[in-house]
Protein chains: 4
Amino acid sequence: MQRNRFYTLRFSCPDRVGIVARVAGFLAEQGGWILRSSQHADEQTNRFFMRVEVRAESLGIEPAVLRERFAPIADEFGMDWRVSDSAVRHRVVILASRQLHCLYDLLERWQCRELDIDIPCVIANHEDARGLVEWHGIDFHHVPIGRDDKAAGFAEIERLFNHYRGDTMVLARFMQILPPELCRRYLGRVLNIHHSFLPSFVGARPYDQAYQRGVKLIGATCHYVTEELDQGPIIEQDVNRVSHADSVTDLARCGKDIEKTVLARGLRYHLEDRVMVNGNRTVVLR
Amino acid sequence: MQRNRFYTLRFSCPDRVGIVARVAGFLAEQGGWILRSSQHADEQTNRFFMRVEVRAESLGIEPAVLRERFAPIADEFGMDWRVSDSAVRHRVVILASRQLHCLYDLLERWQCRELDIDIPCVIANHEDARGLVEWHGIDFHHVPIGRDDKAAGFAEIERLFNHYRGDTMVLARFMQILPPELCRRYLGRVLNIHHSFLPSFVGARPYDQAYQRGVKLIGATCHYVTEELDQGPIIEQDVNRVSHADSVTDLARCGKDIEKTVLARGLRYHLEDRVMVNGNRTVVLR
Amino acid sequence: MQRNRFYTLRFSCPDRVGIVARVAGFLAEQGGWILRSSQHADEQTNRFFMRVEVRAESLGIEPAVLRERFAPIADEFGMDWRVSDSAVRHRVVILASRQLHCLYDLLERWQCRELDIDIPCVIANHEDARGLVEWHGIDFHHVPIGRDDKAAGFAEIERLFNHYRGDTMVLARFMQILPPELCRRYLGRVLNIHHSFLPSFVGARPYDQAYQRGVKLIGATCHYVTEELDQGPIIEQDVNRVSHADSVTDLARCGKDIEKTVLARGLRYHLEDRVMVNGNRTVVLR
Amino acid sequence: MQRNRFYTLRFSCPDRVGIVARVAGFLAEQGGWILRSSQHADEQTNRFFMRVEVRAESLGIEPAVLRERFAPIADEFGMDWRVSDSAVRHRVVILASRQLHCLYDLLERWQCRELDIDIPCVIANHEDARGLVEWHGIDFHHVPIGRDDKAAGFAEIERLFNHYRGDTMVLARFMQILPPELCRRYLGRVLNIHHSFLPSFVGARPYDQAYQRGVKLIGATCHYVTEELDQGPIIEQDVNRVSHADSVTDLARCGKDIEKTVLARGLRYHLEDRVMVNGNRTVVLR
């Protein structure tokens with residue numbers, strides 16, 4: 001079941017003739033065995049996106065060496081690029097509040113190694129999650145977000161995130177709006193799960209909004225957090241059927257199931273370096 | 001395959017104790033064999049909705065007699081009510097334009113009697129559909145909607161609808177906005193298929209809007225037409241998965257499949273007297 | 001959010017004229033306010049199924065009295081019937097093994113009162129779940145199922161189920177086949193989640209079977225356990241899209257999400273007394 | 001909307017280091033602008049699959065020349081390969097019977113150029129489709145399949161298919177089992193739509209089978225026809241939700257919608273040279 005170690009190279013750059021040839025040629029010269037490769041050429045922006053998984057053993061070099069050798073090609077093509085190593089665990093800090101379904105769900109996936117990540121700590125603005133988190137052997141921090149002084153709380157969250165050397169921050173139904181400068185500083189590293197099928201029902205109480213509008217499906221959206229509320233690039237979405245017979249409470253219950261799977265799928269794509277931002281859209285390379 | 005003749009009684013009224021007992025008691029006294037029955041009690045508006053199918057043979061009376069006998073009960077409970085007869089074919093006038101997928105789809109369902117309706121005529125603001133419609137033995141009327149004088153076109157559409165004694169008007173990708181007074185006059189009798197998952201992407205070019213927002217699912221919505229564009233009560237919706245690799249053209253192609261099934265399902269619910277409007281929401285009794 | 005106390009009457013009986021009238025009439029005489037009611041008339045078997053929720057307060061009597069008063073009607077119509085009380089918590093015993101995703105999922109729903117049940121104990125043939133279960137304050141019993149002497153293990157499971165006065169037994173990926181006499185004794189009270197879209201891929205290793213057949217969707221099925229393996233009446237099913245790029249491990253991971261939601265939905269229908277068995281099919285009254 | 005002319009190269013071969021480099025290098029040398037490229041490495045069979053779309057204009061050569069130049073590489077890697085040209089229309093012969101929903105659906109897609117193919121003729125074992133087909137300006141052939149002498153009918157079908165130089169044969173609810181030698185002779189060129197979610201409900205009357213088993217979703221499967229009935233490689237599948245309230249007739253009606261879209265999607269993948277057979281599974285490169 002355990003896959004062997006591999007490196008993931010991903011990049012985007014202006015499209016032109018010869019990119020794949022150059023990159024694949026480079027990898028072949030190093031003896032690189034390609035496990036999986038995917039590309040996307042965006043016709044509107046004329047930008048090219050690529051992601052390749054290469055067996056580490058076939059290359060026989062460390063990621064740092066690979067990066068050094070690849071850098072001239074990246075320069076030549078003007079790439080925005082990254083090499084990651086499957087042997088290095090991603091560090092994911094989870095922010096939670098009082099509703100724990102997404103947290104339970106992520107902890108189960110972590111516990112059984114479906115998500116092969118480190119969760120250095122969970123931060124919440126309420127105490128509800130403490131017992132569960134600590135029972136899993138994970139640090140828990142209660143950081144209240146005061147109505148009148150939110151800045152102090154967010155400063156503490158940022159301090160903890162850095163202290164624990166977090167790579168990615170996941171808002172698992174955190175229910176608080178991050179300050180703009182924090183969004184800017186960690187752009188592309190903070191994932192949120194919004195409990196509606198965006199762009200419908202932005203903001204507060206989306207299940208109430210969905211009920212009032214009488215929609216026949218409800219949804220959830222996993223997106224990168226940006227300064228504009230619920231406007232960030234969408235990573236993943238899904239929906240479930242509801243009917244006139246469902247109250248707002250029923251919608252919320254039914255929605256929990258979508259929130260969990262959509263967040264888990266979006267996070268997985270992000271962790272596997274499949275997601276690249278293209279303007280306000282995402283390219284998700286399978 | 002052919003179901004025996006039945007009458008459908010449907011109503012809504014303020015909720016209270018004893019409604020089902022009174023209605024079911026009345027039907028039992030007449031010897032009525034209930035084929036199917038469904039109810040909904042709306043807790044927010046305290047309104048009760050019910051739909052019953054009764055075998056005509058078991059009652060042994062004509063619908064007019066049934067209506068006469070039921071009227072006192074309807075009065076007593078303050079019902080908004082209707083009795084329909086499965087032996088009387090609904091008359092559906094279809095409005096089309098240049099894209100014919102919904103029209104093809106409805107004609108096939110009519111041809112094989114999946115939809116057991118009469119289509120007295122098809123009206124379109126272009127000539128494209130004429131051949132197909134006339135080959136099916138259905139009258140076709142080309143009514144141009146001029147940029148500067150839309151009123152004349154819509155007056156002619158209304159005249160034709162009445163001339164052909166239409167019960168229901170279906171906008172099968174008609175792409176023109178009906179004038180407000182026409183919406184008011186035929187409230188609850190005009191169905192539209194909008195090519196987005198409402199309330200997202202109201203108005204023109206929804207697939208372009210969906211592309212720009214980078215959604216991961218696209219949808220379609222069948223709703224009653226009201227004065228406010230794309231704001232009418234939703235009857236049915238569905239979605240399909242798309243990805244970053246899909247152009248606007250791909251979204252439009254993929255969307256056609258959802259438009260066809262959503263319109264057909266919505267129309268079917270309407271024709272079977274399953275849909276009742278509750279404020280700006282619908283109750284769809286299965 | 002908390003709904004007021006209500007009684008649920010459900011029954012099936014041979015279909016004939018006047019059943020709804022009689023039942024609704026009886027309830028109206030008692031002052032019963034109907035919250036929700038649904039029926040189904042099976043044309044093939046000529047059997048009628050009904051479920052009604054009535055506000056306890058409007059009746060002003062205890063369930064025992066209601067049962068006593070209703071019994072003559074039940075006799076008259078030859079009903080298979082039951083009255084349950086929303087104030088009495090269902091006792092659900094969960095059987096687990098080494099894969100804990102369904103268990104995590106059920107515990108979260110129990111913890112936040114989405115499932116308003118008692119879980120008197122969890123039984124497993126491995127120790128893996130102990131910590132999590134006991135942290136939730138629920139009794140845990142490790143009952144090994146020996147390869148050569150399975151009977152002893154199952155006898156102990158039955159003893160525990162009875163000792164804890166369990167109403168329903170849930171096999172949450174228990175991975176052991178229950179002995180026939182146990183299936184017979186608790187017919188309609190034992191739910192299983194099978195990790196395929198039945199009737200495809202009965203028995204062991206369904207994800208391997210699905211991979212070998214090259215299906216484009218994988219599924220899960222919640223059903224009542226009967227003597228014949230994976231042949232019991234189906235309560236709920238769902239599927240997820242997969243592709244050629246997915247390994248057996250990927251199918252299993254993707255399948256976990258469907259297993260969790262399908263089991264939770266099936267269990268919910270069962271607990272709310274919505275499921276009635278009709279031959280080897282189920283009627284699930286919404 | 002019209003995409004510029006492009007060539008599609010697709011192949012499979014034993015996996016090894018350097019395939020992508022060699023192929024992409026070759027294309028880059030010819031000045032080939034890659035529009036879209038996808039790969040799959042099958043870990044079980046150690047086989048590599050690839051599909052590339054290249055702008056014809058960027059190559060500046062005809063397909064025959066491209067084939068000639070690529071042949072040595074194909075030999076070197078032991079490829080099973082093909083180059084197709086978007087300017088050459090695929091010739092699709094449709095076989096129909098009495099139920100016309102798939103035929104209507106395909107004709108609409110052809111009429112509006114969603115499917116940019118030639119339909120040289122439609123063959124059916126009943127006369128029902130003649131009028132519709134001929135109205136579209138397409139040849140229609142009625143070929144009865146006698147109960148006692150099916151061979152003559154199938155010989156005539158094969159003769160017509162060859163006479164019209166068909167590339168692909170589509171069984172659009174043809175309802176007749178093709179003789180084994182015909183299956184062998186046109187392996188990978190005959191698509192069928194089966195009205196169940198295979199491998200469930202093989203053979204006759206799948207909706208009856210689905211009804212009897214009480215499944216909660218029904219499906220359809222588009223697959224290549226092989227000698228073993230309903231056992232060929234699956235190209236595409238989908239499902240729709242049904243309930244206890246749906247009769248066999250309802251299942252069939254609801255199933256029509258899935259049949260249409262699944263056949264159209266499967267055919268599209270096939271026509272775009274996305275489908276490669278891998279044992280009894282398919283690789284569908286998006």
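1. How many residues of chain A are in contact with how many residues of chain B? In this predicted model, 34 residues of chain A are in contact with 34 residues of chain B, and the area buried between chain A and chain B comes to about 3,100 Å², with carbon and sulfur atoms giving 48% of that area. On the chain A side, A:Arg213, A:His244 and A:Arg281 lose the most area to chain B, and together they account for 26% of what that side buries.

2. The charged and polar pairs between chain A and chain B deserve a careful look in the structure above. The count of salt bridges between chain A and chain B is four. A salt bridge joins B:Arg241 to A:Asp238, where the closest N and O atoms are 3.5 Å apart. Across the interface of chain A and chain B there are also 20 residue pairs in polar contact, counted where both residues have a pLDDT of 80 or more.

3. Strand 2 (34–42), helix 8 (206–213), strand 11 (234–241) and strand 13 (281–284) of chain A each supply at least two residues of the side that touches chain B, and the largest share, seven residues, comes from strand 11 of chain A. Divided by class, the residues of the side of chain A that touches chain B are 14 nonpolar, eleven polar and nine charged.

4. Next comes the interface of chain B and chain C. Here 21 residues of chain B are in contact with 21 residues of chain C, and about 1,500 Å² of area is buried between chain B and chain C, of which carbon and sulfur atoms give 65%. In chain B, the residues that lose the most area to chain C are B:Val17, B:Trp33 and B:Gln39, which together make up 32% of what that side buries.

5. Which elements of chain B each supply at least two residues of the side that touches chain C? They are helix 1 (19–29) and strand 2 (34–42) of chain B, and strand 2 of chain B gives the most to that side, with six residues. By class, the side of chain B that touches chain C has nine nonpolar, eight polar and four charged residues.

6. As for specific pairs between chain B and chain C, the count of salt bridges is zero, whereas three residue pairs are found in polar contact across that interface, with both residues at pLDDT 80 or more.

Methods:
Residues numbered from 1 in each chain as written. Chains lettered and ligands numbered in written order. Predicted model: local features only at pLDDT ≥ 70, side-chain atom pairs only at ≥ 80, totals over all residues. Heavy atoms only, no water. Contact = heavy atoms within 4.5 Å. Buried area = accessible area lost by both parts, 1.4 Å probe. Salt bridge = Lys/Arg side-chain N within 4 Å of Asp/Glu carboxyl O. Polar contact = N/O pair within 3.5 Å; in protein donor to acceptor, adjacent residues only side chain to side chain. Helix = DSSP H or I, 4+ residues; strand = E, 2+ residues; numbered from the N terminus. Nonpolar A, V, L, I, M, F, W, Y, C, P; charged D, E, K, R; others polar.
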